[in-house]
Amino acid sequence: MAPITASRGRPLTIGALSHLTGVNVETIRYYERIGLTAKPPRTAGGHRSYQPDHVERLRFVRRARELGFGIADIRMLLTLASRGSASCAEARAVAASHLADVRAKRDDLVKLEKILAGTIAQCDAQCCGGEAPLCPVLDVLAA
């Protein structure tokens, strides 16, 4: 049996929404609790009843998370996207700020790579993978 899709106009269960968007059920509930996505109406039996707009918004959030945007930035981007005329300049500013953060993290990772590579090289030179009274890896971690 094919899952119910939003394109048929019928309400979706949380499981079907999860399947369509690739977002874990618990993550969907979390996004609802923090107000990142709207809480759906409930059926008479108390089950969540999602609509096509829930699918679109959740896909937007998932993609933004994949790109590393934080919750606050996603809120801002969702606000900009929901306006009648989205501000490209404001969205660009959010993206530019995130890009600066990504570049800083990349730079930190390059530094970390150099430290680890150097430490491992010291270890290879001093103890050749065997036991030595002083271990460069443990020394770096203890420093």
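Reader: What covers the buried residues of helix 2?

Author: The cover includes helix 1, helix 3 and helix 4. Covering rests on contact, that is, heavy atoms within 4.5 Å. Helices here are DSSP runs (H or I, at least four residues), numbered from the N terminus. This is a predicted model, where local features need pLDDT of at least 70, side-chain atom pairs count only at pLDDT 80 or more, and totals for chains, interfaces and linings use all residues. Residues are numbered from 1 along each chain as its sequence is written, and side-chain values use heavy atoms, with hydrogens and water left out.

Reader: Which residues of helix 2 are buried, and why are they said to line one face of the helix?

Author: Ile-28, Tyr-31 and Glu-32 are buried. Buried means under 20% relative accessible area (1.4 Å probe, protein chains only). Seen down the axis of helix 2, these residues fall within an arc of 100°, so they line one face. The arc is taken from the directions that run from the helix axis to the C-beta atoms.

Reader: What do the buried residues of helix 1 pack against?

Author: They pack against helix 2 and helix 3. The buried residues of helix 1 are Ile-14, Ala-16, Leu-17, Ser-18 and Thr-21. Leu-17 is in contact with Ile-28, Tyr-50 and Val-55, among others, leaving aside neighbours within four places in sequence.

Reader: What makes a set of residues a nonpolar core?

Author: The members are buried Ala, Val, Leu, Ile, Met, Phe, Trp, Tyr and Cys residues, joined through side-chain atoms within 4.5 Å. The largest such core has 19 residues. Leu-17, Ile-28 and Ile-74 have the most contacts inside it. Helix 1, helix 2, helix 3 and helix 4 each supply at least two residues of this core.

Reader: How many cavities of 30 Å³ or more are there, and what makes a space a cavity?

Author: The count is one. On a 1 Å grid over the protein atoms alone, a cavity is a set of points where a 1.4 Å probe fits but cannot get out. The largest cavity holds about 30 Å³, where volume is the space filled by probe spheres set on the points. Its lining, residues with an atom within 4 Å of a point, includes Leu-17, Ile-28 and Glu-32. Helix 2 and helix 3 each give two or more residues to that lining.

Reader: Why is Thr-119 called buried?

Author: Its relative accessible area is 7%. The cut-off is under 20%, so Thr-119 is buried. Thr-119 lies in helix 5. Thr-119 touches Pro-136, Val-137 and Val-140, not counting residues up to four places away in sequence.

Note on methods
1 Å grid on protein atoms, 1.4 Å probe; cavity = no way out; pocket = protein on both sides within 12 Å on 5 of 7 lines; lining within 4 Å. Buried < 20%, exposed > 50% of the residue type's maximum accessible area, 1.4 Å probe, protein only.
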